[in-house]
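This briefing is meant for a reader who is meeting the structure for the first time. Please keep the sequence and the model in view while reading the points that follow.

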Amino acid sequence: MSASAASVPFALGTFSIAGSPPFPGLVRDDRVLAIRAVDAICRQVGTELRQTESLLSLLEYWPDNERALQRVVAQLGASTLFQSVPLSTLKIHAPLEQPRQIFCSGANYRKHVIDLIVDQAREPAVQGMTREQRLAYGTRLMDERAAQGTPYIFSRVWSSISGPYDPIGLPQDVEQPDWELELAVIIGRPAYRVTRAAAYDYIAGYTICNDITNRELVHRQDLKAIGTDWIMGKNLPGYMPMGPFLVPAAFVKDPQDVRITLRLNGEVMQDESTQDMIFDIPRLLEYLTSRVRLWPGDVLLTGSPSGNGAHFGRFLQPGDIMDGTIAGIGAQRNVCVRAP
């Protein structure tokens, strides 16, 4: 499949055609079969899907639906091609356009955080330090955080979600819009007080999100004790392109060893493995669910690797093209435009 990994047996997404309402579909070999058609085939082989109206509703009963999908995909053959359509004829939406909850893991890649400490020099502790001293300070801080610290997680709103190929509108009154390509976890079962050992049992699959951030709006200088303002910094309309697809967790061999790459106008900016996470996915879920109840379809962004605009001193501008890929998960492309 061109927008995803050709090696996976199937992926799931949300599509429309000729202005139709969005519908969930199963993606295989660059063709899409509507989930309602998949359900009809399921019934022919003695199983069925529950709640097929949207991808979110399909995730409500993910353990049962995943088993049914695995079974029916094994039965799909040439006889079902007439019911499917080429992927290229469809509009690809974000797989989940209105999830209940979205959470983001901040400062979760070692090299990324060190770069921010060195390049931005915002922390009072580094004021007056040379670049080399800031590097040594940031490295020591990340080593201590990995050994003794806890994750940092915040939420964002679903109205910022856009499709994997939608334009990104940059308002005139923002100065430092920055890219942050991230691996996103999609929850497949209600989750509360999840142990690290059981964490992967609660994951339905993975997708791609670009957690675009207005750097100059994140740090509130007038409220130093409160600190970050994620609402103003991250939640503009279209500021979270998602997708193209949900790749079931069963097809992702090791989410802690996949490559995340973002190109800006063809030039590689981010190129890092998820091995650089300070806190791995089980630790993030253990921490988050120690206080928050998660539901099927909830989204957890796991952090941004190094190579952001803040590091290069180069932020997004109208006309820029971002190409983001995560190995085995898919690829997205977004053109930046001037928002009205």
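How many cavities of 30 Å³ or more does the count come to? The count comes to one cavity of that size, and, since the model is a predicted one, this and every other value here is computed from predicted coordinates.

**The largest cavity**

- The largest cavity has a volume of about 40 Å³, and the residues that line it are His112, Asp115, Leu116, Asp119, Gly307, Asn308, Ala310 and His311.
- Two helices, helix 4 and helix 9 (309-312), each supply at least two residues of this lining, and helix 4 gives the most to it, with four residues.
- By residue type, the lining of the largest cavity divides into two nonpolar, four polar and two charged residues.

**The largest pocket**

- The largest pocket holds about 880 Å³ of space, and among the 33 residues that line it, Ala107, Leu116, Glu123, His219 and Thr228 are the closest to its centre.
- Several elements give two or more residues to the lining of this pocket, namely strand 6 (102-106), helix 4 (110-120), helix 5 (131-148), strand 7 (152-156), helix 6 (215-218) and helix 7 (230-234).
- The largest share of the pocket lining comes from helix 4, which contributes five residues.
- The lining of the largest pocket divides into 12 nonpolar, 11 polar and 10 charged residues.
- Leu116 is named both among the residues lining the largest cavity and among those closest to the centre of the largest pocket.

**Helix 1 and helix 3**

- Two packed helices are described by the angle between their axes and the distance between the axes.
- For helix 1 (residues 35-44) and helix 3 (residues 62-75), the axes come within 10 Å and cross at roughly 80°.
- Because angles of 65 to 115 degrees count as roughly perpendicular, helix 1 and helix 3 are therefore roughly perpendicular to each other.
- Where these helices meet, Val38, Ile41 and Cys42 come from helix 1, while Ala68, Leu69 and Val72 come from helix 3.
- The residues of this contact divide into six nonpolar, no polar and no charged.

- Strand 6 and strand 7 pair in the antiparallel sense over five bridges, and the bridge partner of Phe103 is Ser155, in strand 7.
- Strand 6 and strand 7, which are paired in this sheet, are also among the elements that give two or more residues to the lining of the largest pocket.

- Strand 9 pairs in the parallel sense with strand 20 (residues 330-338) over three bridges, and Ile168 has Cys336, in strand 20, as its bridge partner.

Terms used. Residues numbered from 1 in each chain as written. Predicted model: local features only at pLDDT ≥ 70, side-chain atom pairs only at ≥ 80, totals over all residues. Heavy atoms only, no water. 1 Å grid on protein atoms, 1.4 Å probe; cavity = no way out; pocket = protein on both sides within 12 Å on 5 of 7 lines; lining within 4 Å. Points joined across faces, edges and corners; volume = space filled by probe spheres on them. Nonpolar A, V, L, I, M, F, W, Y, C, P; charged D, E, K, R; others polar. Axes fitted to C-alpha atoms, helices over the stretch in contact; angles between N-to-C directions. Parallel < 35°, antiparallel > 145°, perpendicular 65-115°, else oblique. Contact = heavy atoms within 4.5 Å. Pairing = 2+ DSSP bridges.
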